[in-house]
Amino acid sequence: MLPPPSPARRGGRTAQAGFGPAHWLGANLLAAAGYCVLGLAVSQFFAVYGLFPAPIWLPASVAVVAATLGGVRLAPGIFLGSFIVNFFVFSASVPATLVISLGNALGPVAGAALLARFRPIRGTFTRFSGVVAFILCNVVLHPAITASTGTLALAMANDFGPSQIYSTWVQWWLCDSGGTLCFAPALLLLLGIEHEAADDGPRPFGRNLAIWIAVAVGAIALFATLPLPGAIPWGLPFLLVIPLSWVALRISLRAAYSLVSLVAIVAAGATVAGFGPFQGPGIGNPLQLVGVLIVLLALTVLTIVSLVSELREAEAASRAKSMLVAAASHDLRTPLNAMIGFSEMMRSETWGPIGNPRYRKYVEHIHESGLLLAEIVNGVLDLSKIEAGRRELTIRRLEWVHVGEACMRLVSPQALQKGVILSTRAVPGLVVHADELALRQILINLLSNAVKFTPAGGHVVLHAATAEDGCVDIEVVDDGIGMDEAGIAKALEPFGQVGRDGGGTGLGLPIAARLAALHGGALSITSEPGRGTTVRVTLPAHGD
C-alpha cells in the first residue's frame, strides 16, 4: 500500500519526510498498478457496449490521490500506468501514448500543487473555500490539461478538423472530471490524506450502518430496474441528494461520499447496460444525465458539509470567546469592588480629612472610573451569559404597576439631576408574564438610555398596554436627540454608542434586545434625528 502521509504534512502536502528511494519506488509501482487495474476494468466494461474509450475515466481519481500524496515524486507511477493502458489496451502509437501519458501525469500533479497553495489549514473539505479550490484544481484544471494533451496527441495522429478537435476536447475533459468526482474525495478521506471536521459527539454505529446500507440498497435497486414505460420517472434518482445530505450531516462526509461513489458507479454501469430510469423513452443522452447526477450529488454533499463545518466552528469559537470574556470579567469584580469601596471611604473622609484638594479631585476621578468600569464588567457578564445560553428565565405573572413604578423610582434621581420629566401611562390592572429580574433590567436600561439622550426640560414616558393579539407592548418614548437608521443599527450592537455626550457603556440596548428575545418577544426602535426615539418591547401572550 502507499506509505502513509506524515501527520505534519497530511492533507494535500507532499509526504517526503522519512521516505527513501525504496518507498517511492513501491509507491510509484502501486500507483501504476491502481491506474492500470481501473483503466483496464473501465475500458473493458464500456467496450462491451461499444463505448470506447470510457465516458467516465475512473483512473483519474487514482492519479489525483497519488499526486496529492506524493506530488511530482509519484508522477512516474501515473505516467507508467497511463502508458500501459493507452499502449496495450487502446493500442495507441508510441508518440501518441507518450504525449497522452505525459498530460495524464502533468494534470493531476499541477492540480495538486496548486491546491496545496490554497488549501485551508483545517482541511480541504472543512471549508467552502477548500471545496471550491478542489473543484477548480482537480475537476477543472487537471482534466483541462489531460484533455488538451490527449486531444493534441490524437490530432497529431489523425486529420482532425476544428469541430472534431473541440468535440474531442470536451468529451475528454468531461470523462476525466467525472472520474475525479467519482472516487477522488472518497479515497482522500478513506486513506486519511484529507480529514473531516471533528465530531460533535458519539454516534451509534449500528444505526448509522443500517442507514448507510438502506441508502445503498435503495440506490442499487433504483438503477437495477428495467426501463419500463412510466415505471420510474427519470428525475427520481436526483432525489438521492436528500438522503445523501442527511448521511453527510448526521453520520460523516466519509460515509456520504462513499455512497456518492457507489451511486456513480452503479448509475453509469446500469445505464450503459440498458437498465435504470435514465433509459426510459424520450431520453436522448442517458450518460449525460449520469454525469449531471454525479456532479449534483458530489458538489451538494461537499458544499453542505463544508458550510456546516464552518458554521459549527464559528459557533464553537463564539462560545469559547463568550466564556473567556465572562471569566475575565468575573475576575475583575474583586479588585474593582475594593477600588470603589476604598475610594468611597476616601471621599467621605472616614479616617480623617484629605489634606490637598487635588487629592480629593483625584479620588472623585478614581471613584467615577471604578463605577463605569464596574458597569462595563457587569454588562459584559450579562451579555456573555445570554449569548452562551446560560441565562435562565423564570416566567411569572407580574402586576405591571409594581414593576413599572419600581423601575421609575430607580431612574428618577438620574432624571431629576438631568432635569428630565418622567411619566408613565399603563392600562389599569395590566398583567405581564415575564421574568421579573429580566423585565426590570430591560426597563431600567431603556429608561436610563432615554434620560441620557434627552436634554433638560425634555420628557420620557413609559407606556404599557395589551395588543389585540394578547401580547404586551411596552414603549419608552423620549423627545431627545434621536437617531437615523445607521444610528439605530449601531445602537443595537454591543458597545455601539451614537451620541458622545450620553456616556454609558453601549451595552444597555443590546442586553435589553437579547432579554426580550429570550422571552420570545422582540425589541424595535423608531427614531428620527432631533425628533426623539421610541423603543418598543413586545412580550408574547400567556394564558393565566
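Helix α8 (residues 241-250) buries Val 241, Leu 244, Ser 245, Val 247 and Ala 248. Looking down the axis of α8, those buried residues sit within an arc of 160°, so they line one face of the helix. Keep in mind that this is a predicted model.

**Helix α7**

- Helix α7 runs over residues 205-223, which makes 19 residues.
- From its first C-alpha to its last, α7 reaches 27 Å, close to the 27 Å expected at 1.5 Å a residue.
- Its buried set is Asn 208, Val 215, Ala 216, Ala 219, Leu 222 and Phe 223.
- Seen down the axis of α7, the buried residues fall within an arc of 130°, so they line one face of this helix too.
- As background, an α-helix has 3.6 residues a turn, so residues three or four places apart point the same way.

**The largest pocket**

- The largest pocket holds about 1100 Å³ of space.
- There are 39 residues lining the largest pocket, and the closest to its centre are Ala 54, Pro 55, Gln 171, Trp 172 and Cys 175.
- Helices α4 (94-118), α5 (128-157), α6 (162-190) and α10 (286-347) each put at least two residues into the lining of the largest pocket.
- Which element gives the most to that lining? That would be α6, with 13 residues.
- Sorted by class, the lining of the largest pocket comes out as 26 nonpolar, 12 polar and one charged residues.

**The largest cavity**

- Rolling a probe the size of a water molecule over the atoms shows where empty space is left.
- Searching the whole structure turns up one cavity of 30 Å³ or more.
- About 40 Å³ of space lies in the largest cavity.
- Its lining is made up of Tyr 35, Trp 57, Pro 59, Ala 60, Ala 63, Asn 104, His 142, Thr 146 and Asp 176.
- By class, the cavity lining splits into five nonpolar, three polar and one charged.

**Asn 28**

- Asn 28 belongs to helix α1 (residues 21-48).
- Is Asn 28 buried or exposed? With a relative accessible area of 10%, Asn 28 is buried, because the cut-off for buried is under 20%.
- The Asn 28 side chain reaches the backbone oxygen of Arg 73 at 3.0 Å.

**Ser 448**

- Ser 448 has its place in helix α13 (residues 436-452).
- Ser 448 counts as buried, at 14% relative accessibility.
- In sequence, Ser 448 and Ala 415 are 33 residues apart, while in space they are 8.3 Å apart, C-alpha to C-alpha.

**Ile 481**

- Ile 481 sits in the loop between β5 (472-478) and α14 (485-491).
- At 44% relative accessibility, Ile 481 counts as partly exposed, because that class lies between the 20% limit for buried and the 50% limit for exposed.
- Ile 481 is 27 residues from Thr 454 in sequence, and the two are 6.4 Å apart in space, C-alpha to C-alpha.

Terms used
Residues are numbered from 1 along each chain as its sequence is written. This is a predicted model: local features need pLDDT of at least 70, side-chain atom pairs count only at pLDDT 80 or more; totals for chains, interfaces and linings use all residues. Side-chain values use heavy atoms; hydrogens and water are left out. On a 1 Å grid over the protein atoms alone, a cavity is a set of points where a 1.4 Å probe fits but cannot get out, and a pocket is an open set with protein on both sides within 12 Å along at least five of seven lines; lining residues have an atom within 4 Å of a point. Grid points are joined across faces, edges and corners, and a volume is the space filled by probe spheres set on the points. Helices (H or I, at least four residues) and strands (E, at least two) are DSSP runs, numbered from the N terminus. Ala, Val, Leu, Ile, Met, Phe, Trp, Tyr, Cys and Pro count as nonpolar, Asp, Glu, Lys and Arg as charged, and the others, Gly among them, as polar. Buried means under 20% relative accessible area, exposed over 50%, partly exposed in between (1.4 Å probe, protein chains only). The arc is that of the directions from the helix axis to the C-beta atoms. The expected span of a helix is 1.5 Å times one less than its number of residues. A polar contact is a pair of N or O atoms within 3.5 Å; within protein, one must be able to donate a hydrogen and the other to accept it, and residues adjacent in sequence count only if both atoms are side-chain atoms.
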